[in-house]
Amino acid sequence: MTALFKRTGLRNLALANRIVISPMCQYSAHNGEATDWHMIHLGHLALSGAGLMIIEATAVEPDGRITPSDLGLWDDATENALKPALAAVRRHSGIGVAIQLAHAGRKASCDVPWAGGHQIAPEEAGGWQTWSASNLPYKDGENPPVALDRTGLNRVRDAFVAAAERADRLGIDAIELHAAHGYLLHQFLSPLSNTRDDKYGGSLENRMRFPLEVFDAIRAVFPVEKPIGVRVSATDWVEGGWDIEQTLVFAEALKARDVDWVDVSSGGLSPHQTISSVPGYQVPFAEAVKAKGLTTFAVGLITKPQHAEDIIASGKADFVALARGILYDPRWPWKAAVELGAEIDGPPQYWRAKPYGVDKLFRASRPMELLKEEEQPLVGEER
Ligand SMILES: Cc1cc2nc3c(=O)[nH]c(=O)nc-3n(C[C@H](O)[C@H](O)[C@H](O)COP(=O)(O)O)c2cc1C
């Protein structure tokens with residue numbers, strides 16, 4: 001039995017293996033509403049055989065979008081727009097579905113990456129005034145954000161709560177709170193972006209306060225049987241910024257709150273970061289967080305099945321999350337299963353794709369009750 005393909009679970013959520021589809025912004029929504037792109041995109045990834053799929057960074061209020069085309073979850077229209085894709089995923093796949101709830105803070109109001117990704121000034125079409133911990137722009141010369149006052153902090157916290165309630169209503173299994181990549185909650189954590197002199201700035205305890213308040217607030221409304229994880233940037237990769245030591249303190253505060261996983265990424269806070277990305281470059285950060293007794297996701301240039309297997313088998317992380325690798329090859333988990341001698345959940349329509357010479361590859365990916373009787377004998381005894 002491979003470690004990567006060992007069944008597992010988070011709270012009541014059963015997962016077929018330790019492969020996670022990392023959240024990936026698609027910039028393909030209209031007014032925050034999912035489109036047929038999401039049906040295609042989430043649909044094909046749901047057939048990948050991964051254990052858990054995390055839906056892209058989803059803005060909890062319109063001002064929290066990175067671009068005008070970001071996915072949102074802030075009103076009935078955005079909630080309803082996600083229903084068709086989720087229903088199709090549920091009908092045809094047993095994959096666990098999480099959603100990443102996010103607020104872009106000072107990195108909001110940009111054009112989409114393929115149009116350059118530049119900030120759009122508030123007075124320009126498609127732009128708006130951004131918010132942050134302090135009034136420091138991401139890049140010199142950009143329109144500075146407005147520092148959130150008490151009313152603003154409450155508004156943003158309540159927007160996360162309302163989105164968590166909507167996610168639950170949609171039947172989503174889990175939430176990942178986005179506190180990484182230089183977005184709003186990371187802007188509170190890092191001393192480079194947070195220069196407040198109230199109880200939300202200054203000491204590490206103060207800088208962690210707002211992200212932890214948001215975590216507590218969504219935990220209070222999201223059903224206790226459903227997991228909530230947090231994505232962090234373990235370091236800003238800038239001298240004097242957020243670093244692994246502070247991340248470990250933050251992780252312990254999350255552990256005290258029964259966080260279900262920490263998804264350990266890095267960077268994104270400052271344009272002055274210097275990162276040398278090599279395969280698995282963020283794994284040591286996940287390992288350090290795991291050593292504090294937390295469940296961790298390792299992410300970042302994990303592209304080879306044996307590498308993923310070794311990360312789990314050696315106890316460096318509990319899950320591996322893939323982004324570019326699984327976009328490039330949505331059948332990555334199938335191929336990993338062949339390489340590592342495991343079985344994979346797959347739709348019966350595709351079972352004939354089992355490569356020549358491979359003994360057994362597929363298990364049913366839909367709940368048994370959805371399978372027609374004549375399909376059932378092929379299922380095996382796993383479920
Ligand atoms: C197209 C694309 C969109 C992304 N969008 C998000 C996102 O919505 N939220 C997030 O936390 N990270 C996002 N990321 C980062 C990935 O989740 C992942 O952490 C990063 O790409 C490193 O993993 P990889 O080497 O497997 O691609 C995105 C990456 C890509 C390639």
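How much space lies in the second largest cavity? About 40 Å³ of space lies there.

## Basis

This is a predicted model, in which local features need pLDDT of at least 70, side-chain atom pairs count only at pLDDT 80 or more, and totals for chains, interfaces and linings use all residues. Residues are numbered from 1 along each chain as its sequence is written, and side-chain values use heavy atoms, with hydrogens and water left out.

## Ligand shell

A polar side-chain atom of Gln-100 lies 2.8 Å from a nitrogen atom of the ligand. A polar backbone atom of Leu-301 is 2.6 Å from a ligand oxygen atom. For Ala-323, a polar backbone atom is 2.9 Å from an oxygen atom of the ligand. The protein covers 82% of the 600 Å² of accessible area that the ligand has on its own (Shrake-Rupley method, 1.4 Å probe).

## Largest pocket

The ligand takes up the space of the largest pocket. A pocket is an open set of points on a 1 Å grid over the protein atoms alone, with protein on both sides within 12 Å along at least five of seven lines. A molecule sits in one if more than half of its atoms lie within 2 Å of its grid points. The volume of the largest pocket is about 1100 Å³, counted as the space filled by probe spheres set on the points.

Its lining has 43 residues, with Pro-23, Tyr-27, His-181, Tyr-183 and Arg-231 closest to the centre. Lining residues have an atom within 4 Å of a point. Strand 12 (319–322) and helix 9 (324–328) each give two or more residues to this lining. Helices (H or I, at least four residues) and strands (E, at least two) are DSSP runs. The lining divides into 19 nonpolar, 17 polar and 7 charged residues.

## Cavities

The whole structure has 2 cavities of 30 Å³ or more. In a cavity, a 1.4 Å probe fits but cannot get out. The largest cavity has a volume of about 60 Å³. Among its 13 lining residues, Ala-57, Gly-64, Ile-66, Asp-70 and Ala-102 are closest to the centre. Strand 4 (residues 52–59) gives the most to this lining, with 3 residues.

Strand 4 also gives the most to the lining of the second largest cavity, with 4 residues. Helix 1 (36–46) supplies at least two. Ser-22 is one of the lining residues of the second largest cavity. By class, that lining has 7 nonpolar, 2 polar and 1 charged.

Methods:
Polar contact = N/O pair within 3.5 Å; in protein donor to acceptor, adjacent residues only side chain to side chain. Nonpolar A, V, L, I, M, F, W, Y, C, P; charged D, E, K, R; others polar.
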